[in-house]
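Colleague: Could you take me through this structure? I would like to begin with the overall picture and then turn to details.

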Protein chains: 2
Amino acid sequence: MRTLIVPPAAIVLLLSCFAPAQGAPPSGQDIYRLGVAERVASCVVCHGAQAEGVGQFPRLAGLPASYIVDQMQAYADGKRPNPVMRAIAGALSTAQISAVAQYLAGTAAPYLPAGPSSPTLLAAGARLVALGKWSAGVPPCRDCHGPALRGGGPALPGLAGQPEAYLFVQLKAFHDGTRPGGPLGLMARIAARLDSRELAAAAAYASALREDQQAEPARGRSATTWRPRPQSPEHFTPPPDFALPADTEDAGAVLLGERIFDNTPRYAAPYTGNTLSCRNCHTDRGRNPKSAPLWAAVPRYPMYRSKNRTINSLAMRIADCFRYSENGTAPPADSPELLALLTYANWLATGLPIGIKPSASGYPALAAPVKTPDRARGAAVYAHDCAVCHGATGQGSAFAGAKVIPALWGPQSYNWGAGMHSVDNAAAFVYANMPHGAAGLLSVQQAWDVAAWIDSQPRPQDPRFTESVEKTRELYHKSHVYEFYGETVDGHVLGAPGTLEAWSQENPLPSGE
Amino acid sequence: MRTLIVPPAAIVLLLSCFAPAQGAPPSGQDIYRLGVAERVASCVVCHGAQAEGVGQFPRLAGLPASYIVDQMQAYADGKRPNPVMRAIAGALSTAQISAVAQYLAGTAAPYLPAGPSSPTLLAAGARLVALGKWSAGVPPCRDCHGPALRGGGPALPGLAGQPEAYLFVQLKAFHDGTRPGGPLGLMARIAARLDSRELAAAAAYASALREDQQAEPARGRSATTWRPRPQSPEHFTPPPDFALPADTEDAGAVLLGERIFDNTPRYAAPYTGNTLSCRNCHTDRGRNPKSAPLWAAVPRYPMYRSKNRTINSLAMRIADCFRYSENGTAPPADSPELLALLTYANWLATGLPIGIKPSASGYPALAAPVKTPDRARGAAVYAHDCAVCHGATGQGSAFAGAKVIPALWGPQSYNWGAGMHSVDNAAAFVYANMPHGAAGLLSVQQAWDVAAWIDSQPRPQDPRFTESVEKTRELYHKSHVYEFYGETVDGHVLGAPGTLEAWSQENPLPSGE
């Protein structure tokens with residue numbers, strides 16, 4: 001690993017080399033390029049002429065302005081300990097910091113050539129970035145930092161092309177507790193679950209990732225031969241990725257299914273009506289036993305469902321996800337998309353006994369709320385623990401046209417017919433799985449309250465809508481103990497024609513979508 | 001059990017009571033009613049005025065004429081030992097026997113009241129009659145004697161309403177070897193596999209079965225609680241019938257699936273184009289491990305199939321059975337019929353590990369033929385071992401509009417796209433499963449030869465037919481080593497337009513269809 005050490009003394013020395021800007025107050029670009037006379041050195045010295053970064057000095061081009069501002073504050077406070085940056089951040093005014101941050105957020109820079117890394121290290125890094133290490137509770141980096149690691153929102157900086165040394169040192173600092181853990185302490189929690197070798201792998205892979213690439217796992221063949229074997233429904237493990245037979249039609253269908261699961265709007269476009277993907281409700285690509293695992297559904301279908309009062313094949317059940325959670329249309333039973341999802345599901349379930357309900361099925365049962373779920377308390381929970389990623393208006397984030405953080409309500413979220421619209425279901429999901437990578441942070445009551453907040457927001461109409469909201473509520477919304485369809489909230493009847501449209505006009509979608 | 005013993009001496013006594021008929025030679029009815037002067041007593045004495053039977057004397061009304069003739073011959077020869085009937089049969093001319101047989105075949109009689117039987121005995125009998133005892137190689141009685149046990153063909157007499165004592169004594173005689181075993185010794189083979197208690201149960205149930213009833217298994221709840229458990233793909237057993245959860249929607253779907261499997265033209269009428277049922281190729285209701293068990297398909301799908309060059313769900317695979325083997329149309333994926341078959345299949349497969357091919361899958365592999373399969377040798381095998389049930393022209397038999405013995409070729413059989421049309425598949429099926437209830441009778445070479453005979457007969461067009469027989473053969477019929485589509489046989493091109501129609505005009509369907 002290449003590192004470049006610049007001692008604080010050098011900065012002091014450099015300070016004398018720059019002249020103050022003349023006339024108008026210096027722009028963000030001026031401050032970046034020239035520094036501030038006699039107090040702050042030019043940023044170029046360490047971060048490069050185009051803010052491209054090098055060694056332990058991060059690439060700043062394109063980072064979210066709010067993220068830069070937050071970091072400068074942390075440097076100034078000493079929370080993010082760094083004597084050089086503390087001196088610089090302390091010497092700049094809030095307005096100056098903001099100006100530089102705005103400048104940097106809007107600039108672009110070429111990527112430096114990636115350093116040499118072993119294929120083994122890069123493959124391990126690719127797995128962490130694209131697949132995570134769920135056995136240790138570590139979600140994939142790209143879930144929050146974007147499919148190309150180019151950022152996932154105001155608090156979620158891009159990582160692609162950052163100098164490898166910088167990434168490693170920061171991950172290690174998160175791991176060791178020498179850098180604040182970020183919002184909700186998420187990065188500290190995650191880094192603590194990985195060892196130095198894994199942090200190095202993630203750093204190497206992220207650093208080497210280029211603008212035209214998405215994070216993809218390396219599917220190398222394992223030296224050991226994996227064989228499917230019967231498994232217990234109590235302690236089930238889906239097959240490892242390398243178990244996939246290479247270059248067969250069946251393997252192709254499994255891979256397409258996984259792609260659809262990962263990025264539904266892209267790979268099953270004709271049938272999606274919003275920007276959600278299967279994995280948003282079924283984390284770890286449908287593998288996570290606490291997140292309605294896809295494999296657990298396979299041995300149970302066909303099965304009677306009271307929802308549509310008929311026997312449902314797994315194909316029909318999956319088609320319902322498209323109709324409701326995806327707010328789209330049902331893929332035909334013989335469409336490549338549905339067949340791929342079925343094949344992927346079956347493959348995940350390899351070894352599970354047919355007809356026996358696995359102990360992990362759906363979301364883990366959640367204790368009843370002590371207090372009736374309350375949307376006002378839920379709003380506070382949301383602001384504290386959810387908004388950092390999902391945004392104040394619940395719309396998540398997008399990058400280059402692809403959703404990174406899912407919308408929880410509004411036109412791009414699940415509709416009033418989806419299972420997640422009922423508070424009990426959402427609460428069970430939230431308690432077991434949220435915040436992403438920090439499950440367990442919320443109390444049972446907080447999960448119920450925040451679910452009530454989320455599920456009392458405008459969202460697309462129930463596709464079973466009949467005559468009126470009242471009639472539709474009577475027909476389809478009576479069986480849930482806690483749900484809001486047809487209720488009046490903030491002066492609007494949820495589910496009534498016009499409610500979502502009015503909300504949408506006031507709440508634009510995130511940029512990049 | 002009630003028995004009525006009439007000693008031979010009584011017959012001799014009775015002979016003197018009847019006067020010979022005057023004038024024209026006596027009709028079958030006259031012989032039955034009045035006997036033949038001084039040589040043969042009236043049949044009425046033992047068999048009843050309407051040939052309704054009583055005690056150990058069988059009901060003769062409605063029995064197939066050829067069956068009666070055969071039995072009279074066996075009595076005369078002493079092969080079916082009975083001093084009274086030997087005397088009578090020996091005293092009648094061939095013409096007289098034929099006349100009586102024709103008369104009896106065309107007559108009907110009321111059923112006598114069934115004797116009292118314990119519900120337990122009747123339930124056990126119902127299971128044998130409707131489901132068989134496949135663990136001992138015993139097929140259901142109704143497979144050959146018809147769904148209402150009212151007969152299944154010239155050599156397959158009706159059993160319903162026969163006096164219980166008669167049935168038991170005959171079954172015991174088959175069991176003990178004191179009555180000839182019938183065609184191919186089938187009844188001797190079958191009875192030998194059952195004990196006296198089971199024979200008594202079958203006799204009691206068949207005797208009590210009335211004209212408006214079909215044989216149905218009693219689905220009593222077992223005292224012991226059955227629980228699904230993971231099972232090995234090498235030694236799998238489908239759940240017992242009593243394991244079905246009662247009165248649930250899921251159980252309803254399982255039962256409907258089983259009904260469709262048992263009588264496809266009746267329960268899946270819109271999608272069938274011939275008189276075959278699923279169970280004809282998948283015996284024991286899809287349970288028999290040697291007969292392409294339905295349960296073995298469940299853990300393997302979705303799967304790529306070269307037949308249609310795409311991933312197939314199990315629903316699509318089953319739909320193909322309708323398209324080809326049933327010569328019908330594909331049921332929609334969300335039709336009650338297809339969902340019921342899927343549910344039945346999944347239930348049968350309870351405990352099988354997903355994604356692992358069970359060792360019993362398809363038909364057991366058959367050794368390659370030593371000599372090239374030959375249809376002339378096959379014709380001889382067919383005449384000797386198959387025609388007794390399937391008929392000389394391969395059309396099987398029917399009773400009251402329902403098929404009993406399936407057609408093996410012609411307009412009511414599988415079409416040129418069905419798996420069974422290829423000689424290797426048919427040979428494997430035949431060797432492992434035919435004759436029904438006497439598998440193992442044929443040599444490997446005989447199975448290949450008879451399969452070549454069956455699969456070189458006219459049958460419905462391949463639904464994938466494109467342009468011409470030559471083109472269709474080129475597209476879809478090149479992968480099988482032995483098959484006859486497009487070949488010229490007996491001056492006709494198999495599969496060519498007109499071939500089947502010409503054959504059909506010369507070979508009418510069996511009566512009752």
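Predicted model: local features only at pLDDT ≥ 70, side-chain atom pairs only at ≥ 80, totals over all residues.

Colleague: What does the secondary structure of chain A come to?

Modeller: Chain A has 24 helices and six strands.

Colleague: And which radius of gyration does chain A have?

Modeller: The radius of gyration of chain A is 25 Å. A compact globule of 513 residues would have a value near 24 Å, so the two agree. Along the principal axes, the C-alpha atoms of chain A fill a box of roughly 80 × 60 × 40 Å.

Colleague: What share of the contacts in chain A joins residues at least 24 apart?

Modeller: That share is 68%, counted among contacts between residues at least 6 apart in sequence.

Colleague: Let us turn to helix packing. How do H4(A) and H6(A) cross?

Modeller: Helix H4 of chain A covers residues 65–77 and helix H6 of chain A covers residues 94–105. Their axes come within 8 Å and cross at roughly 140°. The two helices are therefore oblique to each other, and H4(A) passes H6(A) in a right-handed crossing.

Colleague: Which residues make that contact?

Modeller: H4(A) contributes Ala65(A), Ile68(A), Val69(A) and Met72(A). From H6(A) come Ile97(A), Ser98(A), Ala101(A), Gln102(A), Leu104(A) and Ala105(A). By type, the residues of this contact divide into eight nonpolar, two polar and no charged.

Colleague: Next, the chain partner. How many residues of chain A are in contact with chain B?

Modeller: There are 31 residues of chain A in contact with 31 residues of chain B. On the chain A side, the elements that give two or more residues are helix H12 (249–262), strand E1 (303–305), helix H17 (314–323) and helix H18 (336–348). The largest share, five residues, comes from H18(A).

Colleague: How do the residues on that side divide by type?

Modeller: The side of chain A that touches chain B has 20 nonpolar, eight polar and three charged residues.

Colleague: One last residue. Where does Gly391(A) lie?

Modeller: Gly391(A) is in the loop between helix H20 (387–390) and strand E3 (397–399) of chain A.

Colleague: Why does Gly391(A) count as partly exposed?

Modeller: Gly391(A) counts as partly exposed because it has 18 C-beta neighbours inside 10 Å, whereas a buried residue needs 20 or more.

Colleague: Which residues does Gly391(A) touch?

Modeller: Not counting residues up to four places away in sequence, Gly391(A) touches Gly396(A), Ser397(A) and Pro510(A). The C-alpha atoms of Gly391(A) and Pro406(A), 15 residues apart along the chain, are separated by 9.8 Å.

Technical notes
Residues numbered from 1 in each chain as written. Chains lettered and ligands numbered in written order. Helix = DSSP H or I, 4+ residues; strand = E, 2+ residues; numbered from the N terminus. Rg over C-alpha atoms; globule rule 2.2 N^0.38 Å. Contact = placed C-beta atoms within 7 Å. Axes fitted to C-alpha atoms, helices over the stretch in contact; angles between N-to-C directions. Parallel < 35°, antiparallel > 145°, perpendicular 65-115°, else oblique. Left-handed = near helix turned anticlockwise from the far one by under 90°. Nonpolar A, V, L, I, M, F, W, Y, C, P; charged D, E, K, R; others polar. Buried ≥ 20, exposed ≤ 12 C-beta atoms within 10 Å, placed from the backbone.
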